[in-house]
Amino acid sequence: MKPYTIKKIGLEDYPKCGVIWDMAACPYTHTFVAQIEAGNREVYILTVNGAYIAECDLVYDNPEYGTIPGKRLYLSRLIVKKDERGRGYGKAISQYVLNVAAEKGFLEIALGVNCDNTAAVGLYKSLGFTVYEKAEDKDGLFYRMEKRLCANPKN
């Protein structure tokens, strides 16, 4: 794995994530932008020599995602650029975001992942997530997973 940097970005830099995933084709991009504008979504990116390689987001308040204000937040949009996959970047940015969530005092983090995305399911399990439900929505079957973060909340 090449040396990398992980940082939080704002709305002004968010369009640059289009090199990681097709923002124009994604039906949820407008929702993500609205969440960023409202301060309800934080976007973290992993860069190598300044190039955007991976994205991972935290969503704070969205009952549809299983969040509980001050207790459980949601890990969203873990995406690694296709030609950079298999190099450990997904695990690196996930661990970073999990540490951010724990430092903010959250006790739990949840996520949803397509059942057929075996690589992602394996990654999440290696990070300590467990499946608590199998569900279906308009995009297909998915697992709801969660992880306990810390025993002593800061807030």
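1. Helices (H or I, at least four residues) and strands (E, at least two) are DSSP runs numbered from the N terminus. With that in hand, β5 comes out mostly covered, with five of its seven residues buried.

2. Keep in mind that this is a predicted model, where local features need pLDDT of at least 70 and side-chain atom pairs count only at pLDDT 80 or more, while totals for chains, interfaces and linings use all residues. Residues are numbered from 1 along each chain as its sequence is written, and side-chain values use heavy atoms, with hydrogens and water left out.

3. Have a look at Glu108, which sits in strand β5 (residues 108-114). Is Glu108 buried or exposed? It counts as buried because its relative accessible area is 13%. Its contacts (heavy atoms within 4.5 Å), leaving aside neighbours within four places in sequence, include Lys71, Leu73, Glu146 and Arg148.

4. Strand pairing ties in here. Two strands pair if DSSP finds at least two bridges between them; β4 and β5 do so in the parallel sense, over three bridges. Arg72 stands opposite Glu108 of β5, and Arg72 is also on the contact list of Glu108.

5. Now the nonpolar cores, meaning sets of buried Ala, Val, Leu, Ile, Met, Phe, Trp, Tyr and Cys residues joined through side-chain atoms within 4.5 Å. The largest has 32 residues, and Leu46, Leu75, Ile93, Ile109 and Tyr124 touch the most other members. Among the elements that each supply at least two residues of this core are β2 (41-48), β3 (51-59) and β5, but α2 gives the most, with seven residues. A second, separate core of 17 residues includes Met23 and Phe32.

6. Finally, the largest pocket. On a 1 Å grid over the protein atoms alone, a pocket is an open set of points where a 1.4 Å probe fits, with protein on both sides within 12 Å along at least five of seven lines; lining residues have an atom within 4 Å of a point. This pocket is lined by 43 residues, with Arg77, Leu78, Gly112, Val113 and Asn114 nearest its centre. β4 gives the most to the lining, with seven residues, and β5 is one of the elements that supply at least two.

Definitions and conventions: Buried < 20%, exposed > 50% of the residue type's maximum accessible area, 1.4 Å probe, protein only.
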